[in-house]
Amino acid sequence: MNLRNELEKAAAERGLWSTGDCIVVAVSGGPDSMALLHMLSASAKKSELTIIAAHVNHGFRVEESAHELKVVQAFAEELGVVCETVTFDMPTYIEETRMNGQAASRERRYSFLHEIAARYGASRIALAHHADDQAETVLMRVIRGTGLTGLAGILSKRREKNVELIRPLLRMKKSDLLCYCEEHHIPYCTDSSNKERHYFRNIIRLDILPYLSRHNPQLSQSLQRLAEVAGAEDEWMEKQTEALFAQLVTLSPNECTISCIDLHGLHVALQRRLIKLILSYLSKETEKISFEQIETMRLAASANAPTTWRIDAGAGIRCAREYDMMRWLYASQHPSSDASAYSCEVGRDTASLKVEQCGWTFAFFHTSAEDSRKPASRYEACFDASELMFPLVIRNRRPGDRIQVLGLNGSKKVQDMFVDEKIAPLKRETYPLLFDAAGKLLWIPGIRRSSHALTEAHTEGVLFIRAGNE
């Protein structure tokens, strides 16, 4: 089939562009991108497309790069296509930033492409990755270790910022593109760095793929089909996972929670994907979270796992099991032990207090014994005001804190009270405790009060306190 017809067919099948679109074409000067520019410019009138060529000179191969720029500009002019170019001094930039050379170049290149797209109001950026690139990518990921998403290889389209990146040549072989260039007298340049074996992709292309192809001459096509199949299945699995995320995961600012029963009741493949989706929801820097970490979090939800447990998942996220719930929190929501320490004073005239660190609110009422109301729940407590030393203090737990529990002989560790009441470990860090000025623990709101400052028959003044954590 004529490659241009194949391009238009692929575009229609995969929805790569619509009539009237403006498309920025990334043109390096190599045969792939020059063929892409030629095909799109030839299709422009039929589909009412506006084509903009964009070329980046990275400044690595001074003479070669200067020649590539001239070739691209001249060809764009021949086609009647606007051509935008930029020249970077990447060697100096890499030295200053100490970034990986390929990562730094990609970052600057894509930034320029997005800049041009914004300038011309383009909805698409076309990239010239082809079927051989796809095969190399899949094999690279297999060697390094990957899952189904990685096996999908390079996507034919994906959204980045407000623009869609499209790859119309993804099913075309390099050899066919070279023939197309010859047939249509399209000039192109050969990048000498493509033969340098210190790039892993070049080793794949020059050594590993040719060696493996001795055992399967159709290896590249097999890897391309694998990517097609894996991509379709990955897309379906992702949609299933997104539906489960909406159904099962409870969201709050910088936090996700799910029932252990709900999570562990899913198929293992969906468990892993759901955890990855939760992590991605909380942070954009989860690429380095390993399979082993995902598996550790997944197994923590099982019935035979400890009921309280926590780890730093990476990317600023903490994961914890809190009895029957799994909880993921972004860093800003789980301060370190030093940062989480707080202490708030309550004077005699204080009427209410909102403790920001724990989210609890306290209301204080001074009444006579005759007018005093009775506590209706563990979130209310009455104290003999004459036996309290002011200012009272509301703070979180510190090592060694104990309470003289009403109705029990002796004292009990606050930590043990939290365990008995199944207070989630992450909530224990900021859970409020009420002390008097002498350091006596008067009350653990919602749990127990102490035997200190009880109201009795001779009590005159009463301090009634109501606590809430909503």
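Six strands come together here in an open sheet, running in the order S3-S2-S1-S4-S6-S5 with mixed pairing. Strands S3 (82-87) and S5 (157-160) sit at the edges with a single partner strand each, so one side of each has no neighbour in the sheet. Keep in mind that this is a predicted model, where local features need pLDDT of at least 70 and side-chain atom pairs count only at pLDDT 80 or more, while totals for chains, interfaces and linings use all residues. Residues are numbered from 1 along each chain as its sequence is written, and side-chain values use heavy atoms, with hydrogens and water left out.

**The sheet**

- On average, neighbouring strands of this sheet are turned by 25 degrees against each other, direction ignored; the axes behind such angles are lines fitted to C-alpha atoms, for helices over the stretch in contact, and angles run from 0 to 180 degrees between N-to-C directions.
- Two strands count as a pair if DSSP finds at least two bridges between them.
- Strand S1 (residues 22-26) and S2 are parallel partners, joined over five bridges.
- Look at valine 25 and you'll find its bridge partner in S2, alanine 53.

**Helix H5**

- Helices (H or I, at least four residues) and strands (E, at least two) are DSSP runs, numbered from the N terminus.
- H5 has 20 residues and stretches 29 Å from its first C-alpha to its last, close to the expected 28 Å; that expected span is 1.5 Å times one less than the number of residues.
- Buried residues (under 20% relative accessible area, with exposed meaning over 50% and partly exposed in between, using a 1.4 Å probe and protein chains only) of H5 include Tyr110, Phe112, Leu113 and Ile116.

- Most residues other than glycine have a negative phi, and most peptide bonds are trans.
- Glutamate 48 has a positive phi near 55 degrees, and you'll spot this residue in the loop between helix H2 (31-47) and strand S2 (50-57).
- Glutamate 48 is exposed, at 54% relative accessible area.
- Arginine 98 isn't a glycine either, yet has a positive phi of about 60 degrees; look for arginine 98 in the loop between helix H4 (90-97) and helix H5 (101-120).
- Arginine 98 is exposed too, with a relative accessible area of 78%.
- Phenylalanine 390 and proline 391 are joined by a cis peptide bond, with omega about 0 degrees.
- Proline 391 belongs to the loop between strand S15 (380-384) and strand S16 (392-395).
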